[in-house]
Amino acid sequence: MALSRVRLFQPHGEGTRLLPQASRLVELPYSSFDDDDDDDDTAEQDPGVWYPDPPKPSPFSCCVRYLAFLWNLLFLLMGLLTLAVGVWGLLTKSSLSGGERGAPLGSDPMLLFVLVGLGASAVSLAGCLGALRASPCLLRFFLGALLAFGGLELLGGLLLLLLRRRLRDALQDLLLLCLLRYREDPDLQFLVDEVQRSLQCCGLESYRDWEINPYFNCSSPGVQACGVPASCCREPLQDGSVPNAQCGFGALALGPAAAAALLHTGGCGAALAAGLRGQAGAIAAGAATLLLLEAVGALMALRVLGDITAGRVWQ
């Protein structure tokens, strides 16, 4: 209880006189909230109280943060470019087909560009915004996506090493499918022509494989019956400058010697396998470079995320 001294006055006549005998200590009610408020006011007004400032980001942290933003921005632009190529290919093929039913969308090669572009763009956008806005949620999503992509790439490499024979048989079946649908899909037609021109081959095992195509089969009523694509010809250009689309007409009806003088009679299967074996070092170097780029992006994101957790990054 708090005590205070109170003086009592007694009216007397026109004035007042002090009653000293009535002076005493009077107990007054006491509230603990008043002391708390006083303490708070004292603490707020006390210049001796020290409030620590938030830690400032180091120059290295700022550099890593904006480097991570530019790094992901570059991959974002590449992803958007890949996506645009895929969408352009699908729209172009749709307009060329004129409403006719073509190849199924699920087997369209342009769909791969669309999916890769979408994935790369989404992950890179999360990395850009996460680094720019110092968002832990976006950075964790970015790191998780990179970890998933890296795991899939390593798994694919292991499957290539362990299942080489099965993959070779699957590749042969895929090439036969390309020969069968050569005239139905412009993308497959372009791909097959480029492979046959660059490897100087024709068909899968030999030029006779083109008999499975309904347009080049000898029983076909069209003008291409018993023929092969112009990309099989040794001289696909007429007079050295004009493409000769009819150089392979009737080649399947010729004898082996006459066909060998006109066409590349060797199959593309063996040539493609030999080319892949010769480029194994370059393929491995490309895969390692891709993994290294992903690792660098992940390390920068981890550094930015660590600075955010420690409070050293200004949002």
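Ala68, Asn72, Gly127, Ala131, Leu139, Phe142, Gly297, Met300 and Ala301 line the largest cavity of this structure, which is a predicted model. The volume of this cavity is about 30 Å³, and the structure holds one cavity of 30 Å³ or more. Where do the residues around the cavity come from? Four helices, α2 (59–97), α3, α4 and α9 (280–309), each supply at least two residues of the lining. The largest share, three residues, comes from α9. Sorted by class, the lining of the largest cavity has six nonpolar, three polar and no charged residues.

Two packed helices are described by the angle between their axes and the distance between the axes. For α3 (residues 109–133) and α4 (residues 136–162), the axes come within 8 Å and cross at roughly 145°. The crossing of α3 and α4 is left-handed. On the α3 side, the contact is made by Ala122, Val123, Ala126, Gly127, Leu129, Gly130 and Ala131, while α4 brings Leu138, Leu139, Phe141, Phe142, Ala145 and Phe149. By class, this contact has eleven nonpolar, two polar and no charged residues.

About 1100 Å³ of space lies in the largest pocket. Of the 27 residues that line this pocket, Leu160, Arg164, Leu276, Arg277 and Ile283 are the closest to its centre. Helices α4, α5 (164–180), α8 (268–278) and α9 are the elements that give two or more residues to its lining. Which helix gives the largest share? That is α5, with seven residues. The lining of the largest pocket has 17 nonpolar, four polar and six charged residues.

The second largest pocket holds about 800 Å³ of space. Its lining is made of 20 residues, and the closest to the centre are Pro109, Leu112, Leu171, Leu174 and Leu191. Here the elements that give two or more residues are α3, α5, α6 (186–199) and α8. Again α5 gives the most, this time with six residues. By class, the lining of the second largest pocket has 16 nonpolar, three polar and one charged residues.

To find your way back through the model, you can follow α5, which gives the largest share of the lining of the largest pocket and gives the most to the lining of the second largest pocket. Helix α3, in turn, leads from the second largest pocket to the largest cavity.

How values were computed. Residues are numbered from 1 along each chain as its sequence is written. This is a predicted model: local features need pLDDT of at least 70, side-chain atom pairs count only at pLDDT 80 or more; totals for chains, interfaces and linings use all residues. Side-chain values use heavy atoms; hydrogens and water are left out. Axes are lines fitted to C-alpha atoms, for helices over the stretch in contact, and angles run from 0 to 180 degrees between N-to-C directions. A crossing is left-handed if the near helix is turned anticlockwise from the far one by less than a right angle, and right-handed if clockwise. Contact means heavy atoms within 4.5 Å. Ala, Val, Leu, Ile, Met, Phe, Trp, Tyr, Cys and Pro count as nonpolar, Asp, Glu, Lys and Arg as charged, and the others, Gly among them, as polar. On a 1 Å grid over the protein atoms alone, a cavity is a set of points where a 1.4 Å probe fits but cannot get out, and a pocket is an open set with protein on both sides within 12 Å along at least five of seven lines; lining residues have an atom within 4 Å of a point. Grid points are joined across faces, edges and corners, and a volume is the space filled by probe spheres set on the points.
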